[in-house]
Amino acid sequence: MKHRDDTRPLATGRHPPGTAAVAYDRDWAGEVRGAVRYATALLGLLLCLDGAAGSLTWWRGVLWLVTALLLLLVLYPARVSAGRGWLASRRLGRTRRVRTDLLIAVRPLDGVSRRLVLRDALGNRVEIDPEVLVRNPDLWYRLDEGARRAETAGILLTGTTALHTLARRVDRETALGVFRASGME
């Protein structure tokens with residue numbers, strides 16, 4: 001089927017073409033285990049306190065279970081992955097994906113927890129924790145590779161300063177890690 005301007009639409013499949021090497025957040029499983037531990041500890045503490053007070057009933061047990069599950073939902077980390085030309089963040093039941101080679105804006109959000117908001121030309125938006133990129137140089141490399149293409153093409157309109165600041169931080173942390181591993185700290 002031909003289009004008016006004789007161009008092909010962008011691929012809208014699961015991942016853009018050329019996704020041979022995919023990088024994942026290496027610390028994600030540990031963060032999930034930590035979230036489960038905190039929720040379990042809260043549930044155990046609430047049940048023990050309520051049982052010691054002699055006021056534990058089945059409906060109060062269910063209330064404490066729901067409270068622990070809510071804590072688990074709050075603490076559950078996003079799973080970040082990246083490949084050539086894309087970055088994805090997956091939370092419980094929802095995956096958000098941006099094309100890094102089509103980025104138009106990168107905006108840091110400060111608050112209780114720092115966030116980096118990425119927007120692409122297709123209207124997609126992803127929020128990630130910059131610490132994930134600092135801890136995982138492979139993820140940073142994939143994001144930086146696509147962002148440089150977008151910057152060179154003139155598509156990336158805002159956020160180059162934030163990316164360059166993050167690049168310096170990732171380089172510094174990576175160099176420190178190499179020094180620590182080699183005993184030159």
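**Exercises on a Predicted Model**

Helix 2, strand 3 (86-91), strand 4 (94-99), strand 7 (125-128) and helix 3 (130-135) each contribute at least two residues to the lining of the largest pocket. The structure is a predicted model.

**Exercise 1.** Describe the volume and the lining of the largest pocket.

*Solution.* 
Step 1. The volume of the largest pocket is about 340 Å³.
Step 2. The pocket is lined by 17 residues, of which Ala-78, Ser-89, Arg-91, Arg-115 and Glu-127 are the closest to its centre.
Step 3. Sorted by class, the lining comprises eight nonpolar, one polar and eight charged residues.

**Exercise 2.** Locate Val-66 and determine whether Val-66 counts as buried, partly exposed or exposed.

*Solution.* 
Step 1. Val-66 belongs to helix 2, which covers residues 58-75.
Step 2. Buried means under 20% relative accessible area, and exposed means over 50%.
Step 3. Val-66 counts as partly exposed because its relative accessibility is 42%.
Step 4. Val-66 also takes part in a nonpolar surface patch with Trp-58, Trp-59, Val-62, Leu-70, Leu-73 and Leu-92. Together, the residues of this patch have about 780 Å² of accessible area.

Conventions. Residues numbered from 1 in each chain as written. Predicted model: local features only at pLDDT ≥ 70, side-chain atom pairs only at ≥ 80, totals over all residues. Heavy atoms only, no water. Patch = residues over 30% accessible without salt bridge, like charges linked within 9 Å, V, L, I, M, F, W, Y side chains within 5 Å. Areas by Shrake-Rupley, 256 points an atom, 1.4 Å probe, with all protein chains shown as cover. Salt bridge = Lys/Arg side-chain N within 4 Å of Asp/Glu carboxyl O. Helix = DSSP H or I, 4+ residues; strand = E, 2+ residues; numbered from the N terminus. Buried < 20%, exposed > 50% of the residue type's maximum accessible area, 1.4 Å probe, protein only. 1 Å grid on protein atoms, 1.4 Å probe; cavity = no way out; pocket = protein on both sides within 12 Å on 5 of 7 lines; lining within 4 Å. Points joined across faces, edges and corners; volume = space filled by probe spheres on them. Nonpolar A, V, L, I, M, F, W, Y, C, P; charged D, E, K, R; others polar.
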